[in-house]
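My notes follow in the order I looked things up.

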Amino acid sequence: MTLPVGLDLDGRRVVVVGGGPTVVPVVHDLLAARALVDLVAPWVCEDVAALAVRDEIGWHGREYAGCTDLLDAWLVVVGSDDVTTDTAAHTDAERLRTWSVAVPGTSSDTATARLPRTTVATTPDGAVTVATHSPDDLLALDVTRAVALHLETGGVDLRRRSPRPGTGWVALVGGGPGTDDLLTTRGRRLLAAADVVVADRLAPRAVLAHLPATVRVIDVGKEPGRHTVPQEAVNDLLVAEALAGRGVVRLKGGDPYVLGRGGEERLACEAHGIPVEVVPGVTSAVAVPAAAGIPVTHRGVARGFTVVTGHDELPAVPPGTDHTVVLLMGVGRLARSAAALLAAGRPADCPVAVIERGLLPDQRVTVGTLGDIAAAAAVVGVANPAVVVIGDVVRLAPDWDTIVHEVEPAHSERARSTSWSDPLRGRWVGAAVSR
Ligand SMILES: C[S@@+](CC[C@H](N)C(=O)[O-])C[C@H]1O[C@@H](n2cnc3c(N)ncnc32)[C@H](O)[C@@H]1O
């Protein structure tokens, strides 16, 4: 067993024996620790030469000369690629009662100390170095990488220990369309550092259940037509929490900047000098059609798409069915939006799909045309949240041909069911399809 220690090398002399590429990472770590590095080697690699040219290290361009090279050193780092030289340097260091370490990847049998493998975690309270010690260097490396991944992906609670006024922050995190596995790694990492999470209704709420009990979750979920917390109140809340010195994640559905009022929240915080990070999310405008097998563009079928709120009167959009229109919040005014597109020149047989609760276990898809989608939606009782896709790309949905050919026009008012596999999850998703 060895005793793990941290050495304060600031302003202290460290001798490095060897100048090849294997010593480079250690030399950089020594310089980061503000050690005074003297390097002994008859030749050096380009990186070491560059450090010597910039006077960041002292380079003695010759063979190792024995104990005299190590006098006054607090630490000796050995990695010359020559076993005789390395053994001599370790032995001399021991004679002088100076600790010696071997650079990773070289023999460490005669070294008196061992370098750990390390990773650095950035937390709201500063950087933390995690060091892994093991006689088996590869094992130490594997464990360190696993810890780094765990830190990176937000698996470790890095919340600040106590709020300090003036150090608060806000992150507007796009959570994707509702499933927790479409939240980005960056978003997860910020959640692991937040003191307060302000969550939307359509955010991936499953992640909230895994937050430590000390994290305050504030639910500002808005039902359509029932704005439980007005936008101004949400802005004020973010500002107040951050000004109190807390880290705040504003967890939103989809992408914060796609019909999500993220811009307003950012401006409100910045007006108070609060640092804001905006983390993009997977938008439902693209992901929900994809979950129903509908690409919003497709070579030879559609070259572009428009995302628009269906909550208000539709703006002008290209009339051709080769331009995809995606309506968010479009259920309430579906009949009026369809009528507006017909009036603007889209043909009545332009395909339409309404995807409710996309990517969630009870996803349902209703297909029709501009001429009959409102009636079809009424038959099956389409409800929010739903994405409406309008254009030729809808024909690319799995089973579209079967649906169209199998169902008699006389039965067009009747709802029927079908299902198709969800490529993202490799399982079957039930879908009621009406024609
Ligand atoms: C206020 S907008 C926010 C959109 C979000 N910023 C985005 O990028 O997805 C809310 C609308 O997004 C759509 N939506 C979000 N998640 C959805 C889901 N899982 N399934 C269907 N529609 C969804 C619905 O149209 C809903 O009314």
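I began with Pro385, which I found in the loop between α10 and β17. I keep in mind that this is a predicted model. The peptide bond from Asn384 to Pro385 is cis, and I read omega near -5°. As background, most peptide bonds are trans, and most residues other than glycine have a negative phi.

I then looked up positive phi values. Leu259 has one of about 45° although it is not a glycine. I placed Leu259 in the loop between β11 (247-252) and α7 (262-270). Its relative accessible area is 42%, so I list Leu259 as partly exposed.

Met329 also went on my list, with a positive phi near 55° in a residue other than glycine. Met329 sits in the loop between β14 and α9. I noted a relative accessible area of 39% for Met329, which makes it partly exposed.

**Ligand site**

I asked which residues are closest to the ligand. The shell counts 18 residues, and the closest are Val258, Thr283, Ser284, Gly358 and Ala386. I sorted the shell by class and got 11 nonpolar, five polar and two charged residues. α8 (284-291) and β17 each give at least two residues to this shell.

Next I checked polar backbone atoms. A ligand nitrogen lies 2.8 Å from one of Pro177. A ligand nitrogen is also 3.2 Å from one of Gly253. On the oxygen side, I found a ligand oxygen atom 2.9 Å from a backbone N or O atom of Met329. The ligand on its own has 570 Å² of accessible area, and the protein covers 90% of it.

**Helix α9**

I turned to α9, residues 334-343, and asked which of its residues are buried. They are Leu334, Ser337, Ala338 and Leu341. Why do they lie on the same side of α9? They cover an arc of only 100° around the axis, so they share one side. The face turned away from this buried side carries the exposed residues Arg336 and Ala343.

I also looked up the cover over the buried residues of α9. It includes β14 (323-328), β15 (351-356), α10 (373-380) and β17 (386-390). Just after α9, I noted Gly345 with a positive phi of about 115°.

**Thr179**

My last entry is Thr179, in the loop between β8 (169-174) and α5 (185-191). Is Thr179 buried or exposed? Its relative accessibility is 7%, so Thr179 counts as buried. I found a polar contact of 3.1 Å between the side chains of Thr179 and Asp181.

Conventions:
Residues are numbered from 1 along each chain as its sequence is written. This is a predicted model: local features need pLDDT of at least 70, side-chain atom pairs count only at pLDDT 80 or more; totals for chains, interfaces and linings use all residues. Side-chain values use heavy atoms; hydrogens and water are left out. Buried means under 20% relative accessible area, exposed over 50%, partly exposed in between (1.4 Å probe, protein chains only). Helices (H or I, at least four residues) and strands (E, at least two) are DSSP runs, numbered from the N terminus. The arc is that of the directions from the helix axis to the C-beta atoms. Contact means heavy atoms within 4.5 Å. A polar contact is a pair of N or O atoms within 3.5 Å; within protein, one must be able to donate a hydrogen and the other to accept it, and residues adjacent in sequence count only if both atoms are side-chain atoms. A residue is near a molecule or strand if one of its heavy atoms lies within 4 Å of it. Accessible areas come from the Shrake-Rupley method with a 1.4 Å probe; for residues, only the protein chains shown count as cover. Ala, Val, Leu, Ile, Met, Phe, Trp, Tyr, Cys and Pro count as nonpolar, Asp, Glu, Lys and Arg as charged, and the others, Gly among them, as polar.
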